[in-house]
Amino acid sequence: MPTTRRQFLNLAGSVTFAGTIPIVTLRPLEATPAMLTAAIRNVVGEAPVRTGKVKLDIPPLVENGNTVPLTVSIASPMTADDYVKSIHVFNEKNPQPNIGNFYLSPSSGRAQVSTRIRLADTQKVVAIARLSDDTFWQVTTEIVVTLAACTEEMN
Amino acid sequence: MAALINVPAKARRGEIIEIRTLTSHIMETGFRHTADGALVPRDIITSFTCRYNGTEIFRADLFPAIAANPYLSFFTVAKESGKFEFEWIGDNGYSSSASASITVE
């Protein structure tokens, strides 16, 4: 397939962007444990993940990690050419790094998803949004958990 | 399986509405042990889909880190009167569905 002008400009644009500010785009991923980084790479591929645009609403101090309310929202007009394709939520220290993937469309109207999650430890939660132009944006929040979930004994 | 669905009964055309769903499921993580050391096998819902008059408007992949009795809230634009269909699919052949209707004026 011949490269269209749009594809070429996209590519050229992203190369220039990655080349000029690599520290900003890569450091958030390197600072986190390997499993989390691998899970994120699984979703975003080689694309740079920038910080911003995404808002993560989660209590900073959680007494019971078995059910933690979480809301992810992105400031997006949600029109046919500028919308949020998907939202991916990850954690740092649960047995598994994935929490959930949520797929939206322009007909969503508002880029916001809420659910309840489990947290096994005091840790970071990362939310990543994929926009319609295939750029990735993330936000990271630190949460203190006093009663852990997931791995406790069954009574 | 029991599911609680919250969709406005009526909406104006073009209005952004919130849809909230809750279904009963243990969401056993597969990481817990019984007191005598045996691993409790994983039993979770892995996928949720919402269709609006047959068109998929929202989909989610769920992992063990989703709390028991999965709650999901999301938005959509009320385009036409009709039906929302919800489907949960999970481990061990689990499948459950629910629906709700809306009148758009």
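Along the principal axes, the C-alpha atoms of chain B fill a box of roughly 60 × 20 × 20 Å. Because the model is predicted, local features need pLDDT of at least 70 and side-chain atom pairs count only at pLDDT 80 or more, while totals for chains, interfaces and linings use all residues. Residues are numbered from 1 along each chain as its sequence is written, and chains are lettered from A and ligands numbered from 1 in the order in which they are written.

The secondary structure of chain B consists of eight strands and zero helices, where helices (H or I, at least four residues) and strands (E, at least two) are DSSP runs numbered from the N terminus. Of the 105 residues of chain B, 31% are buried, a residue being buried if 20 or more other C-beta atoms, placed from the backbone, lie within 10 Å of its own, exposed if 12 or fewer do, and partly exposed in between. Among the contacts in chain B with a separation of 6 or more, 58% are made by residues 24 or more positions apart, two residues being in contact if their C-beta atoms, placed from the backbone, lie within 7 Å.

The contact between the chains takes 30 residues from chain A and 27 residues from chain B. On the side of chain A that touches chain B, the elements giving two or more residues are β6 (98–103) and β7 (112–117). The residues of this side divide into nine nonpolar, 16 polar and five charged, with Ala, Val, Leu, Ile, Met, Phe, Trp, Tyr, Cys and Pro counted as nonpolar, Asp, Glu, Lys and Arg as charged, and the others, Gly among them, as polar. Strand β6 of chain A pairs with strand β5 of chain B (residues 55–62) in the antiparallel sense over four bridges, pairing requiring that DSSP find at least two bridges between two strands; here A:Gly100 has B:Leu62 as its bridge partner.

Within chain A, strand β9 (residues 136–147) is joined in parallel to strand β1 (residues 49–51) by three bridges, with A:Val49 opposite A:Phe136. Strand β3 (residues 61–64) of chain A also pairs with β9(A) in the parallel sense over three bridges, and A:Val62 stands opposite A:Val145. Strand β8 (residues 123–131) of chain A, by contrast, runs antiparallel to β9(A) and is joined to it by eight bridges, A:Ile128 having A:Gln138 as its bridge partner. β8(A) and β9(A) form a hairpin with four residues between them, and A:Asp134 in the turn has a positive phi of about 65°.
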